[in-house]
Amino acid sequence: MAEFYMDDVEKCDPTDVHINLYKKWSAGGVGLIITGHVFPDRNHKFAKEDPVLDEKSDLEKWKAYAAACTANDTTAVVQLNHPGRAGMYDVPDPLAPSDMPKLEGGAFRDAKGMTEDQIMEFIKKYVNAAKLAKQVGFHGIEVHCAHGFLLSQFLSPCSNKREDKWGGSLENRKRLLFELFRQIRETCGKEFIVGVKLNSSDFQKGGFSEEESLEIIKEIDANKELDFVEVSGGTIETPKVTAPVLRESTKKREGFFLEFAQKITKELKNIALILTGGLRSLEGMNQTLNDGVSMAGVGRPFCYQPDWPNQMFSGKIDRVTESTYEQASSIPWHAIQMQRLGKDQEADLNIPPPGQEAPKKEEEVDPSGLLKSSQFCQFYISELNLFIQLLKKK
């Protein structure tokens, strides 16, 4: 979940509040922090307040940010992203694999298909951002290829209608992603962590499928070029990415994408598999690890309970605190909590999401009402991922 702390939307550098928030997280007991998404091109962001890492960035502020993330021997990687045609504000000439119309009431803008030169420029900027992330002190980067952003747009037949080497067959649709992997590794070296956030499926008819995702993960493992794959799913134009419809068995077991992960874990030999989404209890996280997943990922509870890993490791709790609004998947509500933590205020679970009054004690909260409380929370779902590896912690 991006933090929206870039108060200067032109400079787009980390702020003191932003840095302070990450200090709390790195002190909370996490093993690996994957930041909220960062953009390599300041002309192409999802939200105006998103951070940008490029040649115009104030690297001293980014070094302070990296220092906060890596404190207490915490491993930290930057999640790099490009919105493509997705976005919460108008930008000149949004990019997409192919010409795509704007979706009314959604987070997708009218966009023209990228030229060959634009694809090459995209790769150049992305690789440069990875190089700068290493320079300022991060241990690695995660390539965001999920949720309907640019790289996942290239993978999906719904949005990639190209007839050249970048479109058509899966071999062509994945070409940009694998070229990016190759150049980042070549530029940043073998010791630099490189991973990818990949959809298990788009959950769209005719979109990127589970079978295609499994094929790509197997190829990544065979190539030995990446260090991890984080499994996710859906796009910001479908409700499953913001409020997954889960079977009762999945809710009890925890882990939105565990069934998908179980199809691939025994075949992987060279990369770690990270599972994020729905994990809330010690039992659920350990079960996920016992099922062959390498790392258990948790995001939203850190927005209001930043030290829950330390509490869990010490035996004080066996489950993270869950609020009514956390269950309802209200993104603006989590942004409020992160702002409070970054300003050294306590999280307040009784604060309602923007545009909604706090419910009376005897009233039930209607999740659909929460999702309607802001257009923003309907369409925005870039996860902030802070991962704990329980089997390696004492």
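Okay, let's start in the sheet: Thr276 has Gly297 in β9 as its bridge partner. One strand back, Leu275 is bridged to Ala296, also in β9. Before I go on, this is a predicted model, where local features need pLDDT of at least 70 and side-chain atom pairs count only at pLDDT 80 or more, while totals for chains, interfaces and linings use all residues. Residues are numbered from 1 along each chain as its sequence is written, and side-chain values use heavy atoms, with hydrogens and water left out.

When I say helix or strand, I mean DSSP runs numbered from the N terminus: helices are H or I with at least four residues, strands are E with at least two. Strands pair if DSSP finds at least two bridges between them.

So, back to those strands. Strand β8 (residues 272-276) and β9 run parallel and are joined by 3 bridges. On the other pairing, β7 and β8 are parallel too, with 4 bridges. Within that pair, Glu230 sits opposite Ile274 in β8. Keep Glu230 in mind, we'll come back to that residue.

How enclosed is β8? Largely, because 4 of its 5 residues are buried. Buried here means under 20% relative accessible area, exposed is over 50%, and partly exposed is in between, using a 1.4 Å probe and protein chains only. As for β9 (residues 295-298), Met295 and Gly297 point one way, Ala296 and Val298 point the other way, and all are buried.

Now the salt bridges. The rule is a side-chain nitrogen of Lys or Arg within 4 Å of a carboxyl oxygen of Asp or Glu, and the count comes to 17. Take Lys165 and Glu116, whose side chains meet at 3.8 Å, N to O. Lys165 is in the loop between α4 (150-155) and α5 (170-173) and Glu116 is in helix α3, so this pair ties together parts 49 residues apart in sequence. Lys165 counts as partly exposed at 42% relative accessibility, and Glu116 does as well, at 35%.

Then there's a local one. Glu121 bridges to Lys125, with the closest N and O atoms 3.8 Å apart. Those two are 4 residues apart in helix α3, so about one helical turn separates them. Glu121 is partly exposed at 35%, and so is Lys125, at 22%.

Here's where Glu230 comes back. Its partner is Lys197, and their closest N and O atoms are 2.8 Å apart. Lys197 is in strand β6 (residues 193-199) and Glu230 in strand β7 (residues 228-232), so the pair ties together parts 33 residues apart in sequence. Are these two buried or exposed? Both Lys197 and Glu230 are buried. There's also a salt-bridge network linking Glu171, Lys174 and Glu219.

On to the packing. A nonpolar core, for us, is a set of buried Ala, Val, Leu, Ile, Met, Phe, Trp, Tyr and Cys residues joined through side-chain atoms within 4.5 Å. The largest one has 83 residues, and Phe138, Ile141, Val143 and Ile184 have the most contacts inside it. Helix α3 (residues 116-136) gives the most to this core, 10 residues. A second, separate core has 9 residues, including Cys12, Phe39, Ala47 and Ile236.

What does Val143 touch? Leaving out residues up to four places away in sequence, its neighbours include Leu80, Tyr126, Phe181, Ile184 and Lys197. A contact, by the way, is heavy atoms within 4.5 Å.

One stop on a loop: Ser209 is between β6 and α7 (210-223). Ser209 is partly exposed, with a relative accessible area of 21%, and touches Ser200 and Ser201, again not counting residues up to four places away.

Zooming out, the chain has 15 helices and 10 strands, and 57% of its 394 residues count as buried.

Last, confidence. pLDDT is the predictor's confidence in each residue, from 0 to 100. The chain averages 84, and 82% of the residues score at least 70. Over residues 362-394, though, pLDDT stays under 50. Where pLDDT is low, the predicted coordinates should not be read in detail.
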